[in-house]
Amino acid sequence: MYKVRCENVGFSKDPFLTQTSEYAVLLGNALDAEVLSMTMDLFVARTMITKASLLHQGTIEISESQLVSLKSFHVRLMSIVLDVNVEPATTPWDPAKAYLFAPMVAESVSDPMKEIDWSLIEMVLSTDAWNNPLQQARPDVYLGTDERTLGGDRREYGFGKLRYGMAFGQKSHPTYGIRGAVAQFDVVKASGLVPSLDVIDKLQDEAPPGKLCMADGYVKIEELVGKIITAAHSGKRFFVDSVRFEMNVDSSFPRKEGYLGPVEYSSYADYYRQKYGVQLVCKKQPLIRGRGVSYCKNLLSPRFESTESNAEETLDKTYYVMLPPELCLVHPLPGHLVRGAQRLPSVMRRVESMLLAVQLKHEINYPISASKILEALTAASCQETFCYERAELLGDAYLKWVVSRCLFLKYPQKHEGQLTRMRQQTVSNVVLYQNALDKGLQAYIQADRFAPSRWAAPGVLPVFDEDTNEADNTDVMDDVEHSPQSETGMHKNAHLEEFEDEPMEDGEIEGDSSCYRVLSSKTLADVVEALIGVYYVEGGKKAAVHLMNWIGIPTEFDPKEGELARRGCKVPESVMRSIDFDKLEGALNYKFNEKSLLVEAITHASRPSSGVSCYQRLEFVGDAVLDHLITRHLFFTYTDLPPGRLTDLRAAAVNNENFARVAVKNKLHLHLRHGSTALEAQIRDFVKDIEVELDKPGVNSFGLGDFKAPKVLGDIVESIAGAIFLDKVLDTAKVWEVFQPLLQPMVTPETLPMHPVRELQERCQQQAEGLEYKASRTGNMATVEVFVDGVQIGFAQNPQKKMAQKLAARNALVILKEKEAEETKADGVNNGDGAAGKKNGNQTFTRQTLNDICLRKQWPMPQYRCISEGGPAHAKRFTYSVRVHTTERGWTDDCVGEPMPSVKKAKDSAAMLLLELLKRWPDH
């Protein structure tokens, strides 16, 4: 027996968020200790997070009759929470995979058996209210049909649509309605599901003191608040917020905000008479104010924008309805019981995911945290607070490095091209995908956002309305429908034997009895790399190598075979005398033990020498070791950086142009041994451009400059890294010790430039403008033109097409920004001040600009808050404020924008003011 312990972090004045029941989960077997040590965040409200965990309460023994009661209660509860109509006596059970939810008493007791609230269970099960279809999940009182075989989603079809169809003589679909009656109230009344209004009429509005006359009898008013009621006229369910003694059915019906037309309904009695055909009798009774019982939500994903709006503002957005008591039935499940149970699907989803991670950990057989394995198995598409993308970036670089080292040392006679092809055959996505399939990783991966409506609780299978299978063989389909399969689909029904031989798609996973899923090959390959990254972080090189061996990636080599690769070639004495080793090693701040490795590292293929190989093999291993070391540095330095920004940092730090700049800055190019005059001219031109750039303080384009670097310059940086790696007997720590100073200044989130092509694309997307590039080539020169909404904005020419596109995009951005600045200035002059500048075209992407600043400076994302919202429906106006928490000065002032017709534009208006405020700061 395990208690679902929930602790609220934050504050909310909404009483319904804290008035929830506590539950225990009863299982047949003990849970792993790592599952119990896990704490999960449930995003229950804008200003409050619930931290949930499982706490072992002890072992209990229950009788057969108690088990029947627990099962019945569990099914009744979850059928309402998940909105699936099942009967406890007929629902299928799989004892091997079943667990039960049981309510717990509020007071603390020592005996786990007494912690279960048996009296509440008995009260819920003993009521006759369950015999009324209106009180069950997805009731169907029109034809009494089974919606599980009919399909159709009640959430898409409201009662109003049914009523409209009936008014025009259309036959209603038996599944129309939303959580309630599928017929007009007179049909519901005639069916005997609610007491006849003739009986209520005899009471002549005379209810006993302190009680309300409900559709199913008298109820004490003080006991009504917090309960769930079912509206007989619509079938919807509501939490009772309060009883409004100052109002009755003759009170004026409220108008819609901003509506100035004629009065549609004079009173609540008039509203119910016109819309539902109900003639209310108890006109002196107060009205009940209710809040809709929402569908069960995914609480594992952050559902609210980052804002500091308080609970009162959140409550203002809650929709309330006024209900006449005589149309309401008290539901047998208390409100606090349902509200607590709505958290259970999210809790159990995380527990199920963690159990899969624990199972995979045992299969891999290496001791690291199962929570980290779960992170490596969770895709970003799940929209949870963690995913595998950061670990995948690190694992990708480490995998490339380990395989490159293994191939380099194992095959000393193979040239760089052969080694590259062999590496690709080991680390490509296709190969990793197949390795993942061989190990069955697809069964562990979490790739879909959790949807409670598709989650299967024991005894309450989900209904997939839109995916209902319409097979001709109804007998087979009935067996599938009631097959007690689990989410992993390990059990097969005997009636499906004829389908067992049908091959499944690669990556296709058997799901429960109603669905399956297909994972892309890239997802499986990414998970393999993420697992490598996680094992490397948690257990070091030994753990990562163990994981790669388990998955089927070769990492071992014979040390004797590697000895030949580590030896330098025999260099003629004349060549040795031609190289200034003191100057070159002084630039590197490293003295080689084996000088021949350094000679090989600076020798280009155009300079054949007797006994001296070119640098290509060393470049192969050096490229991998630098990629790994730089990626590891960025990963551990910027631990809170989002995966996308970390990828951008890596791309800016690990590229040929950036390495070429390192070579020029440290004058390594002066020692390059080559025999090409064309190459010499390219190097000379590049060096001239770089020297001009280096004269400008604080300028570093990190591979996004306006000129193309000769590949040979980046290659020698990588080959020298490979030479140091071999010279220090395969010690990567020494390589990083040498190269970290050479690579300075390294790119940071603050200095990371945005590629002009990407910046222009994002700007045009945010402005809803069409962007088009037109390229042509004349002789050796490529020309690229940029068109925005069909108008040519910029162009550029360069021998390389990609460079021409980059320059054209940069020119276009300059022209567009100048144009917007002129429009801003003109608007300010026309209006007598600068305020109108907020209305220019720049406004539509100011939020993105502000976000980019926050990312570069590693500030939290801006916090927006709705100040006001009003006006008629056709002309609403929104006003928002924004502020940012800076590392230097703390919170900025609240910048309140102008009223705008949409939330996006209102946020843009506020962001514009905050940008202007930041520009006035001297350090911005």
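Me: Let me start with the wording: buried means under 20% relative accessible area, exposed means over 50%, and partly exposed is in between (1.4 Å probe, protein chains only). Is Glu-657 buried or exposed?
Reply: Glu-657 counts as buried, because its relative accessibility is 8%. Bear in mind that this is a predicted model, where local features need pLDDT of at least 70 and side-chain atom pairs count only at pLDDT 80 or more, while totals for chains, interfaces and linings use all residues. Residues are numbered from 1 along each chain as its sequence is written, and side-chain values use heavy atoms, leaving out hydrogens and water.

Me: Thanks! Which side chain does Glu-657 meet in a salt bridge?
Reply: That would be Arg-661, at 2.8 Å from N to O. A salt bridge here is a side-chain nitrogen of Lys or Arg within 4 Å of a carboxyl oxygen of Asp or Glu.

Me: Which residues do salt bridges with shared partners join into one network?
Reply: Asp-396, Lys-400, Asp-623, Asp-627 and Arg-650.

Me: How far apart are Lys-400 and Asp-623, N to O?
Reply: Their side chains meet in a salt bridge at 3.1 Å. Lys-400 belongs to helix α16 (residues 389–410) and Asp-623 to helix α25 (residues 616–637), so the pair ties together parts 223 residues apart in sequence. Lys-400 is buried at 19%, and Asp-623 is buried at 16%.

Me: How many salt bridges does the structure hold?
Reply: There are 23. One of them joins Glu-375 and Lys-372, at 3.8 Å from N to O. These two are three residues apart in helix α15 (residues 370–377), about one helical turn. Lys-372 is partly exposed, with a relative accessible area of 31%.

Me: Changing topic: how many aromatic pairs are there?
Reply: The search of the whole structure finds 14. Rings of Phe, Tyr and Trp (its six-membered ring) pair if their centres lie within 6.5 Å; planes under 30 degrees apart count as stacked, over 60 as edge-to-face and the rest as tilted. Among the pairs is Phe-253 with Tyr-271, which is stacked, at 4.6 Å centre to centre and 15° between the planes.

Me: Where are Phe-253 and Tyr-271?
Reply: Phe-253 lies in the loop between β9 (237–244) and α11 (268–276), and Tyr-271 lies in helix α11, so the pair ties together parts 18 residues apart in sequence. Phe-253 is partly exposed at 24%, whereas Tyr-271 is buried at 15%. Tyr-271 also pairs with Tyr-272: the ring centres are 5.1 Å apart and the planes are at 80°, so this pair is edge-to-face.

Me: Last one: what does Val-717 touch?
Reply: Leaving aside residues up to four places away in sequence, Val-717 touches Leu-626, Phe-659, Ala-663, Leu-668 and Phe-739. Contact means heavy atoms within 4.5 Å. Val-717 is found in helix α29 (residues 711–727) and counts as buried, at 1% relative accessibility.

How values were computed: Helices (H or I, at least four residues) and strands (E, at least two) are DSSP runs, numbered from the N terminus.
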